[in-house]
Amino acid sequence: MSLGVCYFPEHWPSERWATDVEQMAEAGLEYVRMAEFSWARVEPERGEFDFAWLDEAVELVGDHGMDAVLCTPTATPPKWLVDEHPDIRQADADGTPREWGSRRFTCFNSPTYREETERIVREMTARYADDPHVVGWQADNEYGCHRTVRCYCEDCAAAFREWLESTYGDVETLNEAWGNTFWSQQYPDFESVDPPGPTPAEHHPSRLLDYYRFANDSVVEYNRLHADLIREANDDWFVTHNFMGDFPTLDAYSLADDLDFLGWDSYPTGFVQDRRPGAPTTDELRAGDPDEIGMNHDVYRGAKRAPFWVLEQQPGDVNWPPHVPQPGEGAMRLWAHHAVAHGADAVLYFRWRRCREGQEQYHAGLRKQDGSPDRGYHDAAATAPELFDLAPVDAPVALLHDYESLWATETQPHSPDWHYWSHLRAYYDALRARGVQVDVVPPSTGLDGYAAAVAPTLYLAGEGLADHLTAFVENGGHLLLGARTGEKDPYNQLHETLAPGPLADLAGARVARHESLPEQFDTAVDYRGGAYEFRTWAGWLDPTTAETRGRYRSGEAADEPAVVHDGAGDGTVTTVGCWPGAGLADALVEDLLAAAGVAHTAPFPDGVRAAERDGYTWVTNFTSEPRSLAVPADAAFVVGDDTVGAYDVAVVESPLDAVGLEQY
Amino acid sequence: MSLGVCYFPEHWPSERWATDVEQMAEAGLEYVRMAEFSWARVEPERGEFDFAWLDEAVELVGDHGMDAVLCTPTATPPKWLVDEHPDIRQADADGTPREWGSRRFTCFNSPTYREETERIVREMTARYADDPHVVGWQADNEYGCHRTVRCYCEDCAAAFREWLESTYGDVETLNEAWGNTFWSQQYPDFESVDPPGPTPAEHHPSRLLDYYRFANDSVVEYNRLHADLIREANDDWFVTHNFMGDFPTLDAYSLADDLDFLGWDSYPTGFVQDRRPGAPTTDELRAGDPDEIGMNHDVYRGAKRAPFWVLEQQPGDVNWPPHVPQPGEGAMRLWAHHAVAHGADAVLYFRWRRCREGQEQYHAGLRKQDGSPDRGYHDAAATAPELFDLAPVDAPVALLHDYESLWATETQPHSPDWHYWSHLRAYYDALRARGVQVDVVPPSTGLDGYAAAVAPTLYLAGEGLADHLTAFVENGGHLLLGARTGEKDPYNQLHETLAPGPLADLAGARVARHESLPEQFDTAVDYRGGAYEFRTWAGWLDPTTAETRGRYRSGEAADEPAVVHDGAGDGTVTTVGCWPGAGLADALVEDLLAAAGVAHTAPFPDGVRAAERDGYTWVTNFTSEPRSLAVPADAAFVVGDDTVGAYDVAVVESPLDAVGLEQY
Amino acid sequence: MSLGVCYFPEHWPSERWATDVEQMAEAGLEYVRMAEFSWARVEPERGEFDFAWLDEAVELVGDHGMDAVLCTPTATPPKWLVDEHPDIRQADADGTPREWGSRRFTCFNSPTYREETERIVREMTARYADDPHVVGWQADNEYGCHRTVRCYCEDCAAAFREWLESTYGDVETLNEAWGNTFWSQQYPDFESVDPPGPTPAEHHPSRLLDYYRFANDSVVEYNRLHADLIREANDDWFVTHNFMGDFPTLDAYSLADDLDFLGWDSYPTGFVQDRRPGAPTTDELRAGDPDEIGMNHDVYRGAKRAPFWVLEQQPGDVNWPPHVPQPGEGAMRLWAHHAVAHGADAVLYFRWRRCREGQEQYHAGLRKQDGSPDRGYHDAAATAPELFDLAPVDAPVALLHDYESLWATETQPHSPDWHYWSHLRAYYDALRARGVQVDVVPPSTGLDGYAAAVAPTLYLAGEGLADHLTAFVENGGHLLLGARTGEKDPYNQLHETLAPGPLADLAGARVARHESLPEQFDTAVDYRGGAYEFRTWAGWLDPTTAETRGRYRSGEAADEPAVVHDGAGDGTVTTVGCWPGAGLADALVEDLLAAAGVAHTAPFPDGVRAAERDGYTWVTNFTSEPRSLAVPADAAFVVGDDTVGAYDVAVVESPLDAVGLEQY
C-alpha cells in the first residue's frame, strides 16, 4: 500500500526538479505520475520531439527510489494539430464544434485523431520502453470529463450507422427492436439514421439508449488503442485509466478487460457539492461523504474484483467546486486510509505543487506555488509510514449496478427527483453503516462468492439476467430487488408483461401500477410493525407466490403491497416497490444480512464508517466530533487508538463485528 | 353524450385487435379515433401505400357498433420524406433546424410540405370516402405543440414578407403602423423584413406581434388545406382538431370557421404542474383544477358557441408532467361528467392501451400493456351508462378573451408575475365558484344573448371594439373591464390618449398611471367597506364621469381610485385597475351578477363546482373530502346522491340556484 | 448646476415641438439632448440626408434659451445599411450573428462599420459645426449595453491577433506571459490564436483576460474615432458619453482621456433589481439604493477627478426592470440633488415624453404620451430653482478600483457569492455611511491629495503598483488593503510568491492560504474586542512585520490572523483577509479615518446619507421614514429644513461633521 503524487515538471524551472523530487521521497511517496497533458511540450511542432525534459524527470524520480507512471497526453492535443485537422473536434447535438482551448474536445471516432493518437503514443512508449523507472501508464485522462462521452459530429454519425448495422444486421430488426412504429419512426435503411439532434419533443428512448451505448463503445475502442500500443512497446507495463466519481455517462466496467487495474480521481469536498442531490453539511464540506467516496472505490474495485488505485487524491482546496472551504485538519490523511480500507493499493495526490498558470491555479498541491509545504504535504508525510501490506478486500455482499439502467432511467426519470446513484446509495449506505464491505459489480458478474446481493434498479432485464439471478437464489443466495427493476427489456421497450418482466417468477410478484410522488405527499410504508418513510417512487406490488411484508400506509396506494418476500431453492428474494428512506433501507438490509448470515455491526452514525480488510478493521471519522471506540480488550491498534478525533482514523486488528462506538 | 377512445392498432399484433375492440364495446364506448401518426405505416416507401391494416381495424370497429374517427397523419412524416426534402423542417430563431425524431417539426409554410400533405390526405380520405364506419376526421394533431407554432425558416421569411405586403400594401404604412422611427427601425421595403432573430436587446413589440399573427395565420391556412381536402372527399364527414389546454400561441378561435366543432386534449393532473403558475395541492395532483379544465372546455365551446369534444381525456398516470401520482379513485369518471356539464358531446380517452414502445411508454391507457384493465377502464365502463342526451349549454355570461392581447402582454409583461391566463382566471374562477356557466369568447362575438360580460384584459383596443362594447352596454348589458384593458392600439402602439384609449368614454375614466408590484408590498383595495387583496398590477384610475367604488389603501397609490362604475343606456360598466385577489374578484362578480340578474349560488369552496345544463345541475368534487349537498326536497338525482364523495359527482334535476352545500 | 432632458422630436408631429420646448423651458430645464438613434431619420437612404427636422428642433431649443446636446446615432444603423453590409454585425462566441432589430449589434472592430461611422459622424458634425445652440456631443449611446463589449466575429479575430502581436511582439513572449504550458496551450504563432469559443471546460484565464482587455480597447478606439471627428468639426464642443451603472465589462477610466467629462445613466429603482445581488427593500424599490447610485457617481467623477453629468436620469416608472413600482413621491427631485451632492454639473431626465412606439413604451417621460405632465415633470420643475453653482467635490479618501481585477476575479470567482462590486461596496458603503466623500479611482491615480486610500481588491498587482502604494504610505498616507489583493500578476498568473505578491513587504504579511465559505458556516472575526461577521472569503494571514489586529473565531481558520496592521514611513497599512460584513467594515473604516484625520459623522442608517460639497452638506433620505436633523444652531438651510421627509432632501450650509440625525 503506497502513496504517490502527480507531477508536472514542465511547469517549473528544471533547476527546481531535484529539490521537488527529494521532498517527495522525504515524505515517503513511492509513485510519481507525469506527462499528462504534455503533448505540446513533447512535440512542439509536427514531428519535432523533445523528450529530454521528461527523460531527466524520470531519471530523477528513479534516482530517489521512486517509480514513474507516465500518461499518454491525448486529452490535450496541441493547437498546431487542431489547426491542421479541425475535423478532430467533437460537436454538440446542434452541430456546434467543441473548440480547442481547454481539454477533451476531440472525437473518439475521428479516424484522423485515432491516427494521431497512434503516432504520439508510439513515439512516447518507444522512448521509455526500456526505462527501468517507468512501471506503467495511464491511458489519456478522465475520458468523458466535461460531458464529452457523447459527440454528435459527422464521424460519429458514420460510426453510429456502422455500429447499428453490426448490432442489428438489417434495419427491420432495428425497427422492431426499438419499436419504431410509434410516431412513424421507422427507418428505411441504416444510412437514414442520424445522431439524435435538436427536436421539438423528446427523443425515442430506444434510439437514445443505443446512442449512449455506441458512444460508450467508442471510448472502449479508443482506450483499447492506447492499451494495445502501450503493451506492444513493453508487455511488463501496467495500463490503467483515471475514472471519475459518481460518473454517469461512461460504463467503467466496459473498459476493465483492457486495463490491468482501474484508477479513479477522488475529490471528496467537491463531489458533495456538484454531483449529488441534497445540500452538503458543514462536515461534508470539510471532508466529504464517506459513502459517496466509498461507493466509487467499490465500483472501481468491483470492475475487476481486484485492488484499484486512487490516481488523483484531493490534496487540499481545489478549483472547481462552487465553494472551497479548507478541508478539515487531517482530512488528506483520512482519505488515504479510507481508500486503503476499501481496497486501494496506491493513493496518488494530485498535484505536487499549486500551478501558477492556466485553469487550475486555484487547485492546491501538496506544496504551495512558492514551494513551501501546504497542509496536504504534512498529511501525506504522516500517512506514508502508517501504511502496510494487505490482502485484497473480501466482500460478502454484491451490489448489482448497471450503467445502462442508469442511462435508461435518467432518460425517462418520470420524476424530477429520480436520481439513479442516489437511489442506489439508499441501499449502499445502509450496508456501509453496518460496516459491510460491498462489491459494486455489473449484474452479469458471477455471484458464487457472495452470501447476498442487492439490485437497486435492474431496469433493463432480459431472460439471461432472470436465469442468472434465479440460479443465485436457488443456490442459497439472498437477493434484494429494488424499485423500477425489470420495467424494460434490453432495447428499452416495456416488457409484454408487467414489471419485473422476466424476473416476475423469481420475485413471486408483479408491479400492478406505479406512481411518482413529490415531497408534499405523506409517504410511508408499514414494515415489521413500524412506519418507515419512502420517497419519490411507489410501485404497487401484486404478489403471486410471494408473501407481503410491507404495505403503503396512505394515499391512493393505501394498503397496496410495498415489500414482498419469496423463496426459491435455498435462497430468498425480497422485492421492494418504493425508494426506501434510511430507516426502511436499514431494516431491509438488516433482514437481508441476518438471512444471509453476514457479519455486521450496529449502525454507525452518518459520517462514521467501519470496514474490514485482511483481519483489520478501520474506523474512519468524517465528522468534526471525536468518537470513542468499543473494541475487544486484547485488540491491537495499528493506527491511532480508541479515540478517533475529528477527521481521524483508527485501524485495529479485530474482526468487524467486534467493533463499535461507545455511548452511541 | 358519448365516450370513446384513441386506438393505435398498428402498435399491436393484428390477432389482438378483435379482443381489443370487443372490450371497448363492452365498456360502452362509441367512438374510436385511429391513424394519428400512422404515415410511415400507411406509406412505408414513397407511393407504396398499405391500408389493409387500417381497413381491418375500421371494419372491426364498425362491426362492434362503434364509429371510427380518423386522423390525417401529418404530425409525423416518415424519415424517407424528410431525407428527400430537408427543407420541410422548421428552424429556431437562430437558424437551427428542428430535426426529425419526435414530432411536429415541419413548417406550416413549406410549399413542399403542403404538397406532401395534400398528397397523403387525398390518399387517405379517398380510401375511406365511402366507408360507412368512418364518421369524421381529426386534422393533424395538436398544432403547435412543443412550441412549434412559430418557425423561423426561409420559407417563413418569404411568407412573412408576403403576409406583410398583403396586410399593409406599402412599406410606409407598415413603418407608420408599427412605429419604426423608434431606434431607426424603418424598413426600406418589404424585402428587407426578416423573422425576428437573435438580437442583443428585445425586439420591437409591433414586429413581434405581427410575426405571431402571421405564424398563427400559417396554421389556419394549413388546417384549411386539411379541412378542404377532407370535405372534398366526403361532405358528410365532420372535421375537427384536438387543441391543447391553456395554450398560449395558437388562436383557437381563428380555426373555428374551418372546423365543424372543436376538440381538445384534457390532462388535468399534468396541467396543474406545468402550465399554471403556483404549486399544485395534493388534491390537484390527484384530480386537477376544475376551473383550469373548465376554462378550456369553455374556450373550445365558446369558439363556436356549440358543443365540443374532448378528443383526448387523461386515462390514468401520464408520461409528461414532472410528477405522476396515480389519479384519485374515480377521477377518470369525474372528468367525463365534468366535461359533459361544460357542454361536451363526446369524451375520448387517450389511449386504449399503454404502449410498449417509443416516447410514451409511461402514459397509461384504459388497459395496461399486458392487456389487462387499468383503473381508467373501470371508470370508463362505470361512466358510459350514466350519460344521457342533453341540450347545449346556455351561458348567461360572456368572458371576452383575446389571444392577441395574450401575445402582446406577455411580450411586454412589465412584471415577471404577469400571466395572462392567470389574470383571466381570477374572474373566471369567481364566476364558476358561484356556479355560473361562462362562454369564453373572442371580443368580436355578438353579445346579444348575454346578460353580462367580463373583459379581463382587452389590451389591444380599436374604435370598433369600443363601438361594439358600448352598444352592448347601451342595450342593457353589464360589463366588467379589467386591468391593462385598452393600453394599446391593434398594432401594439400606445394610444395617443391614456388607457383605456377608445374605451375611455365607455368606462368614464382613464388610467392616470400604472405600476407593477412584487409580492413584498402590501396590496389592498377598499371596496364595499372592506379591504380586499390585489396583486401584481395597479392602474391608478382617473374618473371623468364614473363614480369611484374602490380605492387603493397604501403605498404611492394610496387613495387613488382602483374600481370605478358608470352607466350607459340601460347598462352599466365597472372598470378595475388592479388584478383582483379571490375575495375582490368574488365581490366584483357578485355585484355584476346582481346587476345583471343572473342566477347563481353562494360560493362553492375550491375544488367543488356546480354547473347547470339543460335543467340538470352537476356538482363535481375534485377534492379528497366528501361533501353533503343541499337540494330541493323533490329534486331527483340522476347520477349519485346528496353525498358527493372524494373525486365524485352528482347530477340532480334542479336549477342551479337551488343547489348548495350543507354546513359550509 | 443644471437640469436638462432627452428629447426625440422625430417621434412626434412637428406641430407639437414648439409646445414641448416651451414646457421644457417653463420647468427650468437648460439642456436638451437629441438625435440619439436617429440615423434612419437623418439618412433614410444611402446618401440622402434629411436634417431639416433636426435643424428646426435645435432652433426651437435655442430660441427658448436652452442648449442642445447632440448624439452620434451609431448605436442603431438603418436596416438598409446592415442589408448592404451584413459583416458589420457582431457574433456570439459560437458564431451566431447578432441581428438587426434592437440596437448595439455592430462590431467595434468592423472596418466597414468604422468607415460608415466616420461618414455619418462627418455629415452630422459638419451640419451643426457653426450652430450656436449646439454645445456638445454625446458619442454613440451606452457602449456595451446588452452584453456587447465582447464580440467574437471574424473582424475581431483578426484584430485580436494584431493586438496580441503589438502587445507581446513574439509568440514565445505571449506563451510565457500567459503560461501556456498548462494543458498544452502553447501557440505556434499569432495566426493560430482565436477568440475564445465554446469549449468543453473553462478557458485559460490569461487568454480570457487579454480578450477582455482587447475588447475594451476596441471600444476605446471606436470612441476615439467619434471624439476626433467631433473635435475636428468644432473644437469648442464638449465630447462625452453616457456610461451605465455598476457596469462590469467596460473600463470607463480607459475612455476618460478622449472625453471632456463623463456622463452616465442613472436608474435607481431598476439597478436594485437587476445588477446587485440581494433582494431590494420596498424603500429601494421606490427610490433605489443611495450607495449604489453614489458609487457610480463617484466612479464617473473619479475617472477625471472632475464634475460629471447624469446624461439620463430616471423620470418615473421605466420599462426594463422586472418590477416597476411607481417611484416614491419626490424621488425624481431627490435623485437630482443627490447627484449634485456627488459632483454632478448637470442632470438630464430621460425622456421628455413617454413614447408611443417601439421597445420603450413602458418607459415614462417627464410628460405622459398624451402630453400631460407626469410626476417627473413636477419634480423637475420643483428642483430647477433649488440648484445653485458649486465648486467641485473635494474628496479626502480614494477608493482604488480596477476593472481588470473585476474581470479576472469574476472569471475565477472561486465562490458563487463572489461579486466584485458588492465586495467593493462593503468598504464604500461604510465610508459613505459616515458621510465621507470618496473618489473611486483607478489604482494608478496620483494619490497625493488623499489622506487615506482603500483598495478592496487589487487582484492583479505588479511591481509598479507596489512602488506606487508604498510611496503613498511612506508619505503619510493611510492604506487599507482588502481580500484577494495581489493574488495574481498582471497577466493573470499567480505570483511566484504568496499573495499579496509584490505588496507583501508593504503589508508586512502574506496570505498563507485562503478558503471560500458558503453561508451555512459561522463566520466571524475578533476585532477590537468584539466579534464581527464576515462572509464568502477568508484569507489566512501570516504576518512578517505586521501586528495582528483581528483573528478568525471558528472553523479551520480559528485563531488565524484576519486583520493585520503595519506602518511604513509616516503612514500605515491595514490588510484584511476576509470580506467584511457591515459592522467590521465600519470598524475598519472608522479606524482608518481616525488615523488619517478625516472628518466624518456617526454612521447614518441605511438609506440616509450625508455628503459635503463646497461648504454645504446634503442629507438625502431614500427611505419612507421622515428624519429629524441635528445641525448647528446657526446653520442655514438652503434647501428644506431640519425635517427630511420620505424621499426628501435638505441642504444646509455647514461642514459635514456638524450634521447628524436626532434620536438615532
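Here are some notes on the chains, their contacts and a few backbone details in this predicted model.

1. Start with the symmetry. Chain B goes onto chain C with a rotation of 120° and 0.1 Å of shift along the axis, at an RMSD of 0.0 Å. That is how a three-fold axis relates its copies. If you want a landmark in chain B, take Thr96(B): its C-alpha is the nearest to the axis in that chain, at 5.9 Å.

2. Next, what the record says about chain A. UniProt, in an unreviewed entry, puts "domain: Glycoside hydrolase family 42 N-terminal" at residues 6-387 of chain A. In the model this span is 40% helix and 10% strand, and its end C-alpha atoms sit 19 Å apart. As the annotation may be inferred rather than shown by experiment, I'd take the name as a label from the record.

3. The other annotated piece of chain A is residues 395-598, which the unreviewed UniProt entry calls "domain: Beta-galactosidase trimerisation". Here the make-up is 26% helix and 32% strand, with 10 Å between the end C-alpha atoms.

4. Now the interface of chain C with chain A. How many residues does each chain bring to the contact? Chain C brings 54 residues and chain A brings 58 residues. Together the two chains bury about 4,600 Å², with 55% of that on carbon and sulfur atoms.

5. On the polar side of that interface, there are 26 residue pairs in polar contact between chain C and chain A, counting pairs with both residues at pLDDT 80 or more. Three elements of chain C give two or more residues to the side that touches chain A: helix 8 (205-233), strand 14 (509-517) and strand 16 (530-543). Strand 14 of chain C gives the most, with 6 residues. Sorted by class, this side of chain C has 19 nonpolar, 22 polar and 13 charged residues.

6. Between chain C and chain A the count is 6 salt bridges, while the structure over all chains holds 156. One to click on is Arg513(C) with Asp374(A), whose closest N and O atoms are 2.8 Å apart. Arg513(C) is part of strand 14 of chain C, and Asp374(A) belongs to the loop between strand 9 (344-350) and helix 13 (375-383) of chain A, so this pair joins two chains. Glu556(C) and Arg375(A) also form a salt bridge through their side chains, at 3.1 Å from N to O.

7. Over to chain B and chain C. The contact draws 54 residues from chain B and 58 residues from chain C. About 4,500 Å² is buried between these chains, and carbon and sulfur atoms give 55% of it.

8. How many salt bridges cross the interface of chain B and chain C? The rule finds 6 there. Among them is the pair Asp489(B) and Arg356(C), with 3.9 Å from N to O.

9. The rest of the chain B side reads as follows. Chain B and chain C have 26 residue pairs in polar contact, again with both residues at pLDDT 80 or more. On the side of chain B that touches chain C, helix 8 (205-233), strand 14 (509-517) and strand 16 (530-543) of chain B each supply at least two residues. The largest share, 6 residues, is from strand 14 of chain B. The split by class is 19 nonpolar, 22 polar and 13 charged.

10. Ala499(B) and Pro500(B) are joined by a cis peptide bond, with omega about 5°. Pro500(B) is in the loop between strand 13 (478-481) and helix 17 (504-507) of chain B. In chain C, a cis peptide bond likewise links Ala499(C) and Pro500(C), with omega about 5°, and Pro500(C) lies in the loop between strand 13 (478-481) and helix 17 (504-507) of that chain.

11. Last, a phi value. Asp140(A) is not a glycine, yet its phi is positive, at about 55°. Where is Asp140(A) placed? Look in the loop between strand 4 (134-138) and helix 6 (154-168) of chain A.

How values were computed: Residues are numbered from 1 along each chain as its sequence is written. Chains are lettered from A and ligands numbered from 1 in the order in which they are written. This is a predicted model: local features need pLDDT of at least 70, side-chain atom pairs count only at pLDDT 80 or more; totals for chains, interfaces and linings use all residues. Side-chain values use heavy atoms; hydrogens and water are left out. Contact means heavy atoms within 4.5 Å. Buried area is the accessible area (1.4 Å probe) that two parts lose on being put together, summed over both. A salt bridge is a side-chain nitrogen of Lys or Arg within 4 Å of a carboxyl oxygen of Asp or Glu. A polar contact is a pair of N or O atoms within 3.5 Å; within protein, one must be able to donate a hydrogen and the other to accept it, and residues adjacent in sequence count only if both atoms are side-chain atoms. Helices (H or I, at least four residues) and strands (E, at least two) are DSSP runs, numbered from the N terminus. Ala, Val, Leu, Ile, Met, Phe, Trp, Tyr, Cys and Pro count as nonpolar, Asp, Glu, Lys and Arg as charged, and the others, Gly among them, as polar. Copies are superposed by least squares on the C-alpha atoms of residues with pLDDT of at least 70 in both.
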